[in-house]
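Me: Could you go through this structure with me, starting with where it comes from and then moving to its cores and its chain contact?

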Amino acid sequence: MFAHYFELGLRSLRRNPALTALMVMAIGFGVAASMITYSVFRAVSGNPIPGKSSQLFIPQVDAWGPQQNLANNEPAEALGYIDAMALLRAHAAKRQTMLYQVQLAAMPDGNRDLPLTANGYAVTSDFFSMFDAPFRFGGGWSAQDDDARATDVVISGALNQKLFGGVNSVGRTVDFSGHDYRVVGVLDHWNPRPRFYDLFTGANSFADEPDIYMPFARALDLHMYTAGRNSCRGTISFTNWQAYTQSNCVWITSWVELDSPAEVTRYRDFLTHYAAGQQHAGRFDWAPNVRLRDVVQWMDYEKVVPPESRIALVVALGFFLICLVNTIGLLLAKFMRRAGEIGVRRALGATRGEIYEQYLIEAGTVGLAGGVLGLLLTALGVSGVGILFQPQIARLAHLDASLVGLTLVVAIAATVLAAFYPAWRAARVQPAWQLKSS
Amino acid sequence: MQIRPILATLKHHKAGTLLIAMQIALTLAIVCNALFIIRQRVSHLSQPSGVDEANVLVVLNEWAGKPSPGEIASLMAADVDTLRRLPGVADAYASNTYPLSGGGIAFGIGHSPDKLKPVSTTAIYFADQDALPTLGLKLVAGRNFRADEIGQVDRHGDIQPGAIIVTRGLADRLFPDGSALGKTAYISRQPSTIVGIVERLQSPWVDSGMAEWADCSTLVPYRQLTAATRYVLRVRPGQLEDVRRHVRAALYAANRMRVISPKDGVRTFAEIRADAYKSDRGMAILMGVISVVLLAITAAGIVGLSSFWVGQRRKQIGVRRALGATRHDILGYFLTENLLISTVGVLVGSVLALGLNLWLMKQFELARIAPGYVVAGVVVLLLLGQGAVLAPALRASRVPPVEATRSV
C-alpha cells in the first residue's frame with residue numbers, strides 16, 4: 001500500500017502545481033536556511049578533541065588579586081612565568097605541558113633566497129602525546145631533551161614541504177632566526193579548530209596551522225617574548241627579560257592530563273595548596289583562587305562560538321517554524337480541495353485510518369521534494385558561507401553525508417509532522433455529505 | 001462594510017484563520033528583530049576610523065634573523081626612506097599597529113600612577129612626527145609631536161612618554177570640562193602631558209567587548225624596535241593601486257632578510273575594513289536575505305489559503321452577487337477579512353517581537369529594540385497581507401452571479 005500511496009502522492013504533486021510549488025519552496029527554503037546556519041554552528045562549536053576533552057584540564061592560579069582580577073573575581077586566563085615554572089617543576093600530573101606562541105623565520109639556504117615565516121609554539125615534550133598530534137616522520141622530543149634545552153624542533157607537514165620538498169627531514173638542520181635546530185619530527189596535517197589549547201590568544205582560535213613546535217625551555221633560554229597575547233596589571237615597569245619574568249604579566253598557557261575524578265580532585269587540591277603556599281610566603285595577600293577547567297568548560301568560558309552563528313541559528317529555526325506553519329495551511333488547502341474524492345473513497349469502504357495514512361504519505365512526498373530543493377539550496381549556501389563569515393570558519397562548514405541525510409530527514413519529518421492536522425481533517429470528511437452535495 | 005458576517009464566516013474556518021494569524025505574528029517577530037540587528041550592524045561597520053582611508057596603505061613587515069634593537073632602528077629608518085622615495089608615496093612612518101588591525105597594545109589611563117581605578121582603557125599607537133599627516137588625522141587642538149621628542153623602545157621596554165596625543169573621545173572622558181590640552185594623565189608611572197587632541201582615531205579592535213572605548217586612542221612618541229613592523233603609507237590620490245603593486249618589490253630590493261607575505265603583506269584600508277567587519281556585514285546580509293525570503297513565504301502562504309477559500313466559497317459568492325452585492329462588495333469582503341486576521345496577527349506578533357528581543361538581549365547582549373522597528377514591521381505586514389490577498393480577492397469579485405444556480 002505504501003508504494004501505491006507514494007505514487008498517488010507523486011501524482012498529486014502535479015495536480016495543483018502552484019500550491020505544490022509554494023509548499024515545496026517553503027520547505028526547501030526553510031530547511032536550507034536551518035541547515036546552512038547549522039553547518040556553520042557545527043563547525044564553530046564542535047569538540048576539537050572528542051576522545052580526550054574530558055581528560056585535559058587548564059590550571060589557573062590567581063596571581064593578580066581581587067582588585068585587579070577579571071570580572072567576577074576570575075583569575076587571569078594564563079599564567080605568568082613564576083607560577084608556570086613552579087607548576088612545571090612540581091610535576092603533579094601524569095602529563096603536563098606549558099606553551100606560548102613564538103614567531104621565527106626560516107632563514108634562506110641553498111634552495112631559497114627569501115626567508116619564510118615560521119609561526120608556532122614553544123611547548124614541552126608531553127604536548128604531542130597529550131593532544132594526539134599525528135606524526136608523519138619521527139616523533140617529539142623527550143623529557144630529557146626538555147631538561148637539556150635541546151635545539152630540537154618539530155615542523156608541520158606544510159613547512160616540511162616548503163623547506164625539504166616533503167621528504168623525510170628528520171635529522172636535518174634548519175636555521176630559524178639565526179639559531180640552528182635539528183628536525184626531530186614532522187607532523188601530518190594537524191590543526192584542531194578551534195585551537196582549544198591556545199584560546200588565550202583568542203583572535204586566532206580558527207587560524208592557520210602552526211609551522212613549528214620548539215622546546216619551551218630553549219625558547220626561555222633565548223629570551224623569546226611571546227608572539228601571542230600578553231596581559232599585565234598595574235603600571236609596566238620592566239625593561240629587560242629578567243624583570244619581565246618577575247612581573248605580573250601572564251602569557252603562558254598550562255595544560256595537564258588527568259585520567260580519573262580522583263586525579264582531578266588531587267590536582268585541584270595541589271593547586272589550592274600551591275596558592276596557599278604563595279599566600280603564606282607573602283607573594284599573594286589573598287586567599288587561594290584557582291580554577292581547573294576541562295576543554296569543553298574552557299571553550300564555554302572563553303566564548304569560542306561567535307554570537308553571530310548562535311543568533312543566526314536561532315533566527316533560522318524561527319524561519320523554519322514559520323515555513324512549517326505555512327505548510328500546515330497549504331496542506332490543509334490542498335487536502336480539503338479533494339473532499340469530494342475522499343467522500344467517494346470513504347463510501348467505497350476505505351477506513352479513516354487508510355485515508356489518514358494516504359495523506360500522511362502524500363505529505364511525505366511533498367517533504368521529499370522540499371528536501372531535494374533544500375539540499376540544492378544548502379549546497380549553494382554552504383559554498384557561499386565564505387562571503388558572510390570569516391574564511392577560517394567558512395572553510396570548516398561543508399556539505400558532508402551526515403548533512404545531506406539530515407537535510408532530507410528533517411524536511412520529510414517536518415512535513416509529515418505538519419500534515420498531522422490536515423490529514424486528520426481529511427480523514428474526518430463526512431462521505432454522505434460530500435456525495436450529496438456533488 | 002459589515003464586520004459581523006465576516007466574523008461568522010471565520011468561525012467556520014478556525015484552523016485556516018489561526019494559521020494565517022500565527023504566521024503573520026511569527027514573521028513580524030522575526031522580521032522586526034532582523035531589521036533591528038541589520039541597523040545595528042550597519043551603524044557599527046560604518047563608524048569612521050578617523051584615517052583618510054582612500055589614500056592609505058599598510059605594509060606588514062617582519063625582520064628575519066634576530067636583528068638587535070639598534071639594527072632594527074637603522075633598518076626601519078632605511079625602509080621609511082625607501083618608501084618615501086617610491087613614486088606615488090607622499091608620506092610614510094613605522095608603527096606597531098593601525099586602526100581595525102585586530103592586534104595591538106591597550107593600557108589603562110587615569111589620573112594616578114597606580115592604575116587601580118583607570119578612567120578608561122586606551123589603545124596605544126606608536127607614532128612619530130609623520131604619523132598625523134600620513135594617517136590624515138585631524139588635529140583639533142594643540143600640536144603634533146616634534147622630531148626631537150621621539151623615543152625608542154624594544155619589545156617590552158618601558159614606555160614613559162612625556163607627551164601624548166589623545167583622541168577627543170578620550171580627552172573628554174579624562175577631562176569632561178573640555179580642558180584636556182596641557183593637562184597630564186597617567187599611562188605609566190610618569191605623568192604624560194596631553195600636547196595634542198585629534199578628532200578621531202579608532203582603536204585596532206572592533207569586537208563588542210571593546211566597543212566602549214573604541215574612540216579612546218593614545219599616540220605615544222616612540223618607535224617600537226621589534227621584529228614586526230607596520231609601515232603606514234600615504235599615497236598621492238589615484239595612485240593606490242600603483243604603489244600597492246610595487247611596494248613589496250621595492251622593500252625586498254632594499255633588503256632581502258625580511259618577510260612580507262605575498263598574500264596579505266600589503267593591505268589597502270578597503271581590505272582592512274572589509275576584513276575587520278566581515279562578520280558584521282555577513283550578519284546584516286544574512287538577516288536581510290532571511291527577512292526577504294520570510295516575507296515572500298508568508299505572502300505566498302496567504303495567497304495559497306485565500307485562493308483555497310475563494311474556491312470553496314464560489315457558490316456563496318454567486319449567491320451574494322445574485323442578491324445584489326457588487327464586485328466591489330466582494331473585493332471589500334476579502335480585503336477586510338484579511339485585515340481582521342492580520343490585525344490579530346500583528347498584535348500577537350508585536351508582543352512576540354518584544355519577547356524575542358528581550359530574550360536576545362539576555363542571551364547575546366543585544367540592545368533594546370526601538371519601538372519604531374515594531375511599528376514599521378506592523379505596517380509592512382499589514383500591507384503585505386492586503387497585497388497578497390488582492391489577487392484571490394479580485395478573482396472572487398469576478399465570480400458571476402450565475403454561479404449561484406450551479407451545483408459545485
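Reply: What follows covers the model itself, the domains, the nonpolar cores and the contact between the chains. This is a predicted model, in which local features need pLDDT of at least 70 and side-chain atom pairs count only at pLDDT 80 or more, while totals for chains, interfaces and linings use all residues. Residues are numbered from 1 along each chain as its sequence is written, with chains lettered from A in the order in which they are written.

Me: Which domains does chain A have?
Reply: The assignment, which is automatic or from a database, gives domain 1 (2-47 + 306-437) and domain 2 (63-257), and their centres, taken over C-alpha atoms, are 51 Å apart.

Me: How many residues has the largest nonpolar core?
Reply: That core has 139 residues, and those with the most contacts inside it include Val153(A) and Leu57(B). Such a core is a set of buried Ala, Val, Leu, Ile, Met, Phe, Trp, Tyr and Cys residues joined through C-beta atoms within 7 Å, where buried means that 20 or more other C-beta atoms, placed from the backbone, lie within 10 Å of a residue's own.

Me: And what lies apart from it?
Reply: Another core, of 108 residues, lies apart from the largest one, and Ala312(A) and Ala25(B) are among its members.

Me: Switching topic, how many residues does each chain put into the contact?
Reply: Chain A and chain B contribute 51 residues each, a contact being C-beta atoms within 7 Å. On the side of chain A that touches chain B, H11(A) gives the most, with 18 residues, helices being DSSP runs (H or I) of at least four residues.

Note on methods
Buried ≥ 20, exposed ≤ 12 C-beta atoms within 10 Å, placed from the backbone. Contact = placed C-beta atoms within 7 Å. Helix = DSSP H or I, 4+ residues; strand = E, 2+ residues; numbered from the N terminus.
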